[in-house]
Structure formats: structure tokens, C-alpha cells
Amino acid sequence: MRFIDEAVVTVKAGDGGNGIASFRREKYVPRGGPDGGDGGKGGDIYVIAEDNTNTLVDYRYTRRHDAMRAENGHSRNCSGKGSDDLFLPVPIGTTVVDTETDEVLGDLIELGQTLLIAKGGDGGLGNTHFKSSTNQAPRKSTSGFEGELKVLKFELKVVADVGLIGLPNAGKSTFIRQVSAARPKVADYPFTTLVPNLGVVDIGRHRSFVMADIPGLIEGASEGAGLGIRFLKHVARTRRLLHVVDVKPIDGSDPVANARVILNELERFSPELSNLPQILILNKIDQVPDEELDELCTHIVAELDWTGDVFRTSTLMGEGTDAVKYHLMNEIELERERELEDPIFAEAQKARFERLEVEVRLNTEAQREAYRAARKAAREGLDLSDDDTDFDDDDEDGVEVVYVP
């Protein structure tokens, strides 16, 4: 199954049934009067968050979803049967956006959460409603109302407490393998990870959090280089960012410069995102002789002018990873408790994530439009050599997100 994190669908709620003009006709009941029933109500369309799917791939193949039309009214003042509501299952973490107005209709971040996206039409009125002292035999009835027709975009953002960021081959996938049951592909070449990987980090009884490995960050990603910022939007819901830095890159590059690349790309993509709390992970310490390790780590922290938390790990050997996950669990629990106890802090958190959502959506859409413009120019033979966008809009990954306990 392919990992699809965006889909555009057309939904049409059910039309209401028509009311009818009818008159009571029974033996020994002269002039029975009007008895036309109302039409039924058309079916509404909802989206519902489910945990048995983690991709929007189904909506790439079935893009039109219609609810049934309701029945017309019947005689003897019987209303027509309303049509059943239609429920469209989506992964937890899906945002629904109206493409015509760019209005965010809602976020589905909890299991079983539902959202009304298209309202069915009301039924028409039968002629019973129009009788009066001056019009005792009305022949008037009304038609049912049409159901809403909308073109919507489903945007999936993984629901994770912690996001792993860093250059390719920094050790992010190995880290998530060490602390959770997720099993992303690991190899000694860049861009091994092509889609976000999710894993549940289990600390103990009733203590756990979700970690996401976000691929594709390289220099120029905010302009579309490599995988671009296609998956960076998935860290918009996280509480913490784990910045993984290879202290001894195999290509001989400077780890300080590598770390700055990620920091710069975050800042260029979303200043609000770059302000999320970050923890620096100095990884692959097993590749450095013991007598050089302290000096090297101190140099990296000093050059980055890092004032936050710092951990040293060897994800391959499992060294130092336990300390990181326990620290993260404590930080997340404290933040959750504060949100429950302090309404002002909780409102500030909510406002921050709303700003993140807006920045992420605008910047991602801007890059996508630039990519489409570049493709159109290429087809028309225009020279856009200055536009180096390479946004993959086809979602030809062939890989599925892993979300396991």
C-alpha cells in the first residue's frame, strides 16, 4: 500500500425528497381533505477518524462520494424515508479543507472523532402544510432541497509527540528502531527513508508517547531540493523535536555545518516550527575514540551556541537511547499536566499549533505551485533554470507508514 498524505475529493450530500399533493379518499369520508406527506431528509456526509488505516490512498482512486437521495412523501400524511448518512473513514491526524474557500473545516485527532462535511437537503412539504380556512383543498407542494456539493482536500499529518529531524544517514531510523517496535528500512546510503515512520515508545505501565521519523531534510529542502518539504508538515503537531547529528560523518563533512543546515531549513520553512523545543542528539559516538569524544562534543555544542538539552548516543549499539526516551516522557507528561491545570498555558499552546498549521499549509502550497509552474514552463519550452523546485506531486512512493505499538 502506498503512503498518500493528501487527496482531493468531491462529496455530494443526499437531496431531500419531494413533498406531494394528495387527498384523503376513503369510503364514507367525503371531502377528506389534503393528506400529502413531506419528503425525507437527504443523507449527511461525515468523515470519521479510524486507526485501521494510515494512508489516504483509497481517496486517490475513488474521488467522488455521494449520499443517497431521500424518498418522496406519501399519502395519508406519511413522510418519505430519509436516506442514511455516509461516513468516510480517514486516518487519525487528517485535516479537512474546503478548496473553494481554503477554510479548515476541522481536524480529526482522536479515535472515533467525526466531522460533518456536507449537509443533506431537507425534504419538501406536502400539501397538508398549505391548508387553511380559505384554501381547504391546496394542490401545492414543494420540492426537496439539494444536498451540499463540496470539493475538499484531505491532508494527513501524523499525530506524534516527538519528531526526529536531521540530515539523511544521521541515524534517525536506527534511533526509532531502538526505542520502539517500528522497523523502518536502515542502510548505509542517503534517503533510505522515503516516508514518515511512526513508533510508539513504551516507557512502562500507562506511560508512552509517539515518535515520528521525518525524512528528506537536506540543504535547499525549503526550495524543493531532494524530497523538499513534502513531509516536513508532519512535525507540525509535535511537542518536541529531536535534532539528530552525526558527530563523525562518513563523508568527512563538518557536523556543526550539518546541524546548521537543518536549523536554517526549519527557519526558512516555518519560523514558528523552528521555535519548537529542540533536543540535540550527538549520535554515532561509537565512531569516535574515547579520548577525543569529550572535546568533539563540547566543540559542537559551543559552535552551535546550543542552550537546550544535549544527549550523546550510539543508536547502533543502543547506548544513551534510554536516557533520551525517559527524559522525553517526563517532559511530555509535565507539559500535559500543565495544560490541564493552567488554562492560559493551554490556550497559548493551542494558538501556537494553529499558527503552525497555517504556516505549514501556506508554505507547502507555495512550493507546490512553484513546482507546477516549473513543470508547465518545461512543457512549453521556457527556461526556468533559476527555479530549482523538485516537489514530488505524484506520491509514487510504494511504501507504507509504519505505526506499531
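**Figure 1. Phe87 and its stacked partner in the predicted model.** Phe87 has a relative accessible area of 42% and is therefore classed as partly exposed, since that class covers the range between 20% and 50%. Two aromatic pairs are counted in the model. In one of these pairs, the rings of Tyr46 and Phe87 are stacked, with their centres 5.1 Å apart and 10 degrees between the planes. Tyr46 belongs to strand β2 (residues 45-50) and Phe87 to strand β4 (residues 86-91). The two residues are 41 residues apart, and the pair links distant parts of the chain.

**Figure 2. The edge-to-face pair of Tyr59 and Phe154.** Here the ring centres lie 5.3 Å from each other, and the planes make an angle of 85 degrees. Tyr59 is in helix α1 (residues 58-61), whereas Phe154 is in strand β8 (residues 149-156), so this contact ties together parts of the chain 95 residues apart in sequence. Tyr59 counts as buried because its relative accessibility is 6%, which is under the 20% limit for that class. Phe154, at 0% relative accessibility, also counts as buried.

**Figure 3. A patch of negative charge on the surface.** The patch gathers six acidic side chains: Asp286, Asp290, Glu291, Glu292, Glu295 and Glu319. One of them, Glu291, is located in helix α5, which spans residues 290-304. Glu291 counts as exposed because its relative accessibility is 65%, and the exposed class begins over 50%.

Key: Residues numbered from 1 in each chain as written. Predicted model: local features only at pLDDT ≥ 70, side-chain atom pairs only at ≥ 80, totals over all residues. Heavy atoms only, no water. Patch = residues over 30% accessible without salt bridge, like charges linked within 9 Å, V, L, I, M, F, W, Y side chains within 5 Å. Areas by Shrake-Rupley, 256 points an atom, 1.4 Å probe, with all protein chains shown as cover. Salt bridge = Lys/Arg side-chain N within 4 Å of Asp/Glu carboxyl O. Lys, Arg positive; Asp, Glu negative; His and termini not counted. Charge placed at Lys NZ, Arg CZ, Asp CG, Glu CD. Helix = DSSP H or I, 4+ residues; strand = E, 2+ residues; numbered from the N terminus. Buried < 20%, exposed > 50% of the residue type's maximum accessible area, 1.4 Å probe, protein only. Phe/Tyr/Trp six-rings, centres within 6.5 Å; stacked < 30°, edge-to-face > 60°.
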